[in-house]
Structures are given as structure tokens and as C-alpha cells.
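This briefing is meant for a reader who is meeting the structure for the first time.

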Amino acid sequence: MSLDSFTQSVDEAVSGFFEPIATWLGEVVFYSVPVGGTEVPLIVAWLVVAGLVFTGWFGFVQLRKFRLAVNVVRGKYDEKGSAGEVNHFQALTAAVSGTVGLGNIAGVAVAVSIGGPGATFWMILCGLLGMATKFVEVTLGVKYREVHADGTVSGGPMHYLPKGLAERFGKNGKTLGKVLAVLASFMVLFFGLFGGNLFQVNQSYAQLVSVTGGEDGMMGSSAGALFFGILIAALVGIVLLGGIRSIASVTSKLVPAMAGIYIAACLVVIAVNVTAVPAAVSTIIEGAFNPQGVAGGVLGALIIGFKRAAFSNEAGLGSAPIAHSAVKTKHPASEGLVALLEPFIDTVVICTMTALTIVIANPASWAEARAGESIGGVTITSDAFGTVLPWFPYILTIAVMLFAISTVLTWGYYGLKAWTHLFGRSRASELTYKVVYTVFAVAGSLLTLQTLIDMADAVLFMLAVINIIGLYLLAPVVKRELNSFLAFAKRRDAGLDTDEDSDQEPVKTTV
């Protein structure tokens, strides 16, 4: 049996077994209700409402404290002797690398095709709201993290849910928190293996094949697929063995590089069509409130925009706190402020740049998609760039590769923390996970396993339900932490020596 026949058999067997489960789970998690002529997914509404609540609860913290967040990233409020493994900038880039990916390229194209240009406006608004949610969950991630005896750190919903609920509600909260922590760990692990690993490798390989002659090209054979998978697995395995320090070191270089390449290409298209910018902005604003050809009218454009943003920046899903928890700080809210920059970078900047580029370039494939002939995704984005940069598919391939590798690395770390919470932190346990994860990277270039990827999406958004309930219950803790850090920042700005700040409880170290 050839490799192609084998992989096809595996795909068919997996799909046949899991498809009914994936279908049922997707219908439950992404259940939609008809409102104003369009379908509103309840999970998207759940995420958006959380953003609204936390924006109000913390007094528009994402706007009022944006400059302070930038100063924290710059290291202005760093403290000597802080527990943790990476600095604020490295923690931010590690987390951003897990959210910035193919969704920013292909997903946005689909959004402006289905929801029209106006979906961009609502996408930006949802990104701004998500900044507040991200602030809350990351503050809790650092507050309740565990610093182990070897200096490594573990954090995320599997830690702040049991600890925080036990602290606030006693024995009953502790029991509930432990159950939720196990569920959260499973969900993060499952998505990490399929959505954060296999899918990313599969899509980056597909893009590579498309620019190297297609199925008949040098990378189109099963041998080419196997070579690509082994190469990616080797790179991921080497970096993953180094832990979050190694991952952060790589992503702190990869993320600015990939974002820089992509944004520069967007700016080139915009600059060439600079006279069309005012009309494009006007089209986006008019389309947000008076859309044409969009099911559900204004609400339809709003839902599409909100859905794209919620799926892209992962605010409220509980994934980002795992990376941010490794930061060197004595004030949890300092990293919470850093984290609110994440949806801004992912959604407000990169997703918006993609949408604006498509609207300005107005490629033929976009018009066809809006007419319902096809939904091209990455093809639309590539065609938009191609109107100015005919060679852009090659640059896009590089960007996709960088996006994919950084996402695989970050989700490898997320999955590791979920695995160790479930199976322990022994050397054998961690090595087992890393071997399994790298094998999945090899499989990514050979298999599609789309059914399992669909399940992984549903499982990850199930985590949002659990996570946001916890965020509501623990919001008063975040308020105290924010006030504490703001007082510290005020003293630091006044030139006082506050490296040994006495109002912070020491982080408990565990073996």
C-alpha cells in the first residue's frame, strides 16, 4: 500500500468514526438562534457580552490604560527578583503567536465576503471589547500561577479556576474548581494537538504545494509531504524541548518578523491605491450600518464581524493566560495590561489591515465571493495583494509558514501545561507529550483529519463557557490587583524605589 493510499484510508476511517460526534458537538457549541433575519451563535454572544461587562466593570481599561500597557511592555515597571521565566515582551509575543495565524489571512476574507465591508467595523469593535476580557483572564493567570522549584511556571484556567474559586467560596468552590480544571486541561490539550498543531502544519504545507507547482510539483508528492512534516516536527521538537524560554526567544523574533512582512505588504497595496482609501473607509462605515446584500442587514454584518474577531483573538477562551503566566513580575495586573494589547494587535491591526487591503484592491475573486459564486478565503487575500504585487503568493507562503510555526510552538507549550496538569510533571511524562506532539506535526502534512479539527474548535469554545463563568466570579480579585499595580506604578513614576514592594503576596513555589 502506498503512503497516499494509507493516509487516505486513515482520513476516511477517522472521519467515519468521529463525524457524528463532531457534528453533534458543533451543533451544541455553535448553536444559533434566529434574530432579525440572521443566525446568532450563542457562543459568540457569550464572548461579546463578557467583553461588554468587563469593559464597563473596569472603566474602559483598554482605552484608559493603553499607554501604561505599552510602557509595561517596554520594561518601565520591571522589578528585580520577580518570579517567572520571560519578560513582558516575550510573554506577549508568545501569546500573540498563538492567535495570529491563518484566520487573519483567510478568515477575514470570508468575513468581508459574507458580511460585506461593514463586517470590518464590527470586527474592530469586538476586538476592542476583547481587550478587556483578555486583561481579566491574564491577570488571574498570573495571580494564581505556580512557580515550581526549578523556576518553571505553570498557569492558566486549570490553575486559577480551582485556586480562585476555593479562595472565594471555600470547600464547595474548591471541589467545583478541581472538576473545571480537569475539563479545561482536556480541552486545551485536545485543541493543541489538532487545531494548534495538525491543522497549522496541514495548511502551511498546502500553501507551499500551491506555489511549487501544485500536485505535480516538487512538494506535491507523498515523499514531499513526509519531508515537510519531518522538518517541521524537528524544528518544533528542538524548540519545545527548551520550554517557554526557548519558545519565547523564537516567537519574540518570529512574531515581529511575520507581522512586519504582512503589514508592510498591506501598506504597499494601500499606498499604491492611496486615493481609494477615503472611499474604502466610507464603504466600511456605511456597510456597518446600511449593508447591502447581507443576510440580516446590520445585524448580519455585526454577527459576521463579531464572529471573526472572537475566533481570531481568543479573548475569553483561557488559552493566552498559559503563556502570559510565565512572565517575570510581582504584580499580576501588570501582565493583564500587557495582554490587552494582544486583541489589539491581532484583530484591530492585522485583521483590519487585511480587510482594508481587500476592500481597496477589490479583486475579482472577492466580487465573485460576494455574489455567492465561491468563498475563496486565502485566495481572495492573495489576489488582493496580487493586484499590486504579482509575486506576493511567495511572500504569502513565507508569512503562512511563520504564522504556522509560531502557532504550533505556542500551542505546544499550552498543551504541555494541560498534559502535566492531567498526568504529572515527571520527566517521563513531559517527554511523552513532546514526542506525541512532534508526531502530530509530521501527521499534519500527510493527513487532514478535518473532522477532528472541527471537534477541536468546538472543544476550545466549550472552554470559553467554563472560563468566563470563572472570570465573572473572580472579577473582584482582578479589581484589587489592578488597584495595587496602579499604586505601584504611581510610586515608580514618582521616582520612589519600589523594587521590594511589600503589598504583594509571594508566589507559592511547588515541587
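Lys 76 is partly exposed, with a relative accessible area of 40%, in what is a predicted model.

- When neighbours within four places in sequence are left aside, the contacts of Lys 76 are with Asn 71, Arg 492 and Asp 493.
- Thr 420 stands 344 residues away from Lys 76 along the chain, and the C-alpha atoms of these two residues are separated by 34 Å.

**Helices α4 and α14**
- The axes of helix α4 (residues 66–73) and helix α14 (residues 332–339) come within 8 Å and cross at roughly 105 degrees, which means that α4 is roughly perpendicular to α14.
- On the α4 side the contact is made by Leu 68, Ala 69, Val 72 and Val 73, while α14 contributes Ser 334, Leu 337 and Val 338.
- Sorted by class, the residues in this contact of α4 with α14 comprise 6 nonpolar and 1 polar, with no charged residues.

**Helix α11**
- Helix α11, which covers residues 277–289 and so has 13 residues, reaches 19 Å from its first C-alpha to its last, close to the 18 Å expected at 1.5 Å a residue.
- Its buried residues are Ala 280, Ile 284, Gly 287 and Ala 288, and because they cover an arc of only 105 degrees around the axis, they lie on the same side of α11.
- The exposed residues Pro 278 and Glu 286 are carried by the face of α11 that is turned away from its buried side.

**Helix α19**
- Helix α19 (residues 427–446) has 20 residues, and the distance from its first C-alpha to its last is 30 Å, close to the 28 Å expected at 1.5 Å a residue.
- The buried residues of α19 include Ser 429, Tyr 433, Lys 434, Tyr 437 and Phe 440, as well as Gly 444 and Ser 445 towards the end of the list.
- Among the elements that cover the buried residues of α19 are α8 (157–210), α9 (222–241) and α18 (392–423).

**Thr 381 in helix α17**
- Thr 381, which is found in helix α17 (residues 378–386), is buried, with a relative accessible area of 1%.
- Apart from neighbours within four places in sequence, Thr 381 is in contact with Ile 105, Ala 109, Tyr 262, Thr 354 and Ile 358.

Definitions and conventions. Residues numbered from 1 in each chain as written. Predicted model: local features only at pLDDT ≥ 70, side-chain atom pairs only at ≥ 80, totals over all residues. Heavy atoms only, no water. Helix = DSSP H or I, 4+ residues; strand = E, 2+ residues; numbered from the N terminus. Buried < 20%, exposed > 50% of the residue type's maximum accessible area, 1.4 Å probe, protein only. Arc of directions from axis to C-beta. Contact = heavy atoms within 4.5 Å. Axes fitted to C-alpha atoms, helices over the stretch in contact; angles between N-to-C directions. Parallel < 35°, antiparallel > 145°, perpendicular 65-115°, else oblique. Nonpolar A, V, L, I, M, F, W, Y, C, P; charged D, E, K, R; others polar.
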